[in-house]
Amino acid sequence: MKPIWLGTSWKMNKPLSEARAWCETLAQRLPDVIHPAIQPFVIPPFTAIQLVSRYMQQHQLPCLTGAQNMHEAENGAWTGEISAAMLAETGATLVELGHSERRGAFNETDAAINKKVHSALRHGLRPLVCIGDSADEKRWQVSRETVVRQMKIALHGLSEQQVLQTLVAYEPVWAIGEHGIPATPEQAGEIHHALRQALCETFGVETGQRIPLLYGGSVNRLNAVELLHQDDIDGLFIGRAAWDANGYCDIVQRVTQEFILQAQ
Ligand SMILES: O=C[C@H](O)COP(=O)(O)O
């Protein structure tokens, strides 16, 4: 069975006290609700990565830790930026790249994201590449082309070995956040299928099948299981519904009950 990836980004939320409290709740609940086939991960703000990764290690929790962004350069005069090597020292093993909030608010381009992907891999970090169509692109019926293009540029130049270290998250811009409308499982499934086909065409069928494709955008405890029933959805990238650790554990529990226990 392929792993089911279930993770959250806290975005610009949670000072250290709240980060620690989230980890404490996770430690109390996660071991009782998780199956080994589920791969949990959490992406705190930079300031809390070390605290969270140490907590997971000390409490032997199987939850990976990541960062929300990085700079592609090795070092230098880049005031306010953080390199892949610096992130690796914090205990992060994942790095989220190209979230639509970064593309929109910080003008990140596909080409810049590609450079970051290469730099992350050079330093042993697994890139979690986010791609997504805007509401206009959806209305113009160019969603597939848009996200396939974004993904192909982000992964350009990777070897087979490198691409197998990469995760891709489809996060429609119109589905994210407070005013977002979640994609239906069918809508998300259709786009994931197009992404999978593009991965198979670009990197070979076997490799393309093994790259984890996650869905994100207003995921909650009510729609999580249905989304995961789509063939090409290998995981969920959750925002608000997982900022409360109990909300996150509820989703993990539902997924465990639906997929894992039923298979026994
Ligand atoms: O990083 C997570 C995504 O942007 C989704 O956020 P959301 O679940 O709050 O819509």
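These legends describe close-up views of a predicted model.

**View 1. The shell around the ligand.** The ligand is surrounded by 14 residues. Ser9, Ile176, Gly216, Gly239 and Arg240 are the closest. Seven residues of the shell are polar, five are nonpolar and two are charged.

**View 2. The largest nonpolar core.** This core has 73 residues. Val95, Val129, Val168, Tyr170 and Leu236 have the most contacts inside it. Helix H12, residues 245-263, supplies the largest share of the core, with six residues. In soluble globular proteins, nonpolar side chains tend to be buried together.

**View 3. The surroundings of Val95.** Val95 is among the residues with the most contacts inside the largest nonpolar core. Neighbours within four places in sequence are left aside here. Val95 is then in contact with Gly66, Ala67, Met70, Leu87, Ala120, Leu125, Pro127 and Leu128.

**View 4. Helix H9 along its length.** H9 runs over residues 185-203 and has 19 residues. From its first C-alpha to its last it reaches 26 Å, close to the 27 Å expected at 1.5 Å a residue. Just after H9, Gly204 takes a positive phi of about 95 degrees.

**View 5. The two faces of helix H9.** Ala188, Ile191, His192, Leu195, Arg196, Leu199 and Phe203 are buried. These residues lie on the same side of H9, because they cover an arc of only 145 degrees around the axis. The face turned away from that buried side carries the exposed residues Glu186 and Glu201.

Note on methods:
Residues are numbered from 1 along each chain as its sequence is written. This is a predicted model: local features need pLDDT of at least 70, side-chain atom pairs count only at pLDDT 80 or more; totals for chains, interfaces and linings use all residues. A residue is near a molecule or strand if its C-beta atom, placed from the backbone, lies within 6 Å of it. Ala, Val, Leu, Ile, Met, Phe, Trp, Tyr, Cys and Pro count as nonpolar, Asp, Glu, Lys and Arg as charged, and the others, Gly among them, as polar. A nonpolar core is a set of buried Ala, Val, Leu, Ile, Met, Phe, Trp, Tyr and Cys residues joined through C-beta atoms within 7 Å. A residue is buried if 20 or more other C-beta atoms lie within 10 Å of its own, exposed if 12 or fewer, and partly exposed in between; C-beta atoms are placed from the backbone. Helices (H or I, at least four residues) and strands (E, at least two) are DSSP runs, numbered from the N terminus. Two residues are in contact if their C-beta atoms, placed from the backbone, lie within 7 Å. The expected span of a helix is 1.5 Å times one less than its number of residues. The arc is that of the directions from the helix axis to the C-beta atoms.
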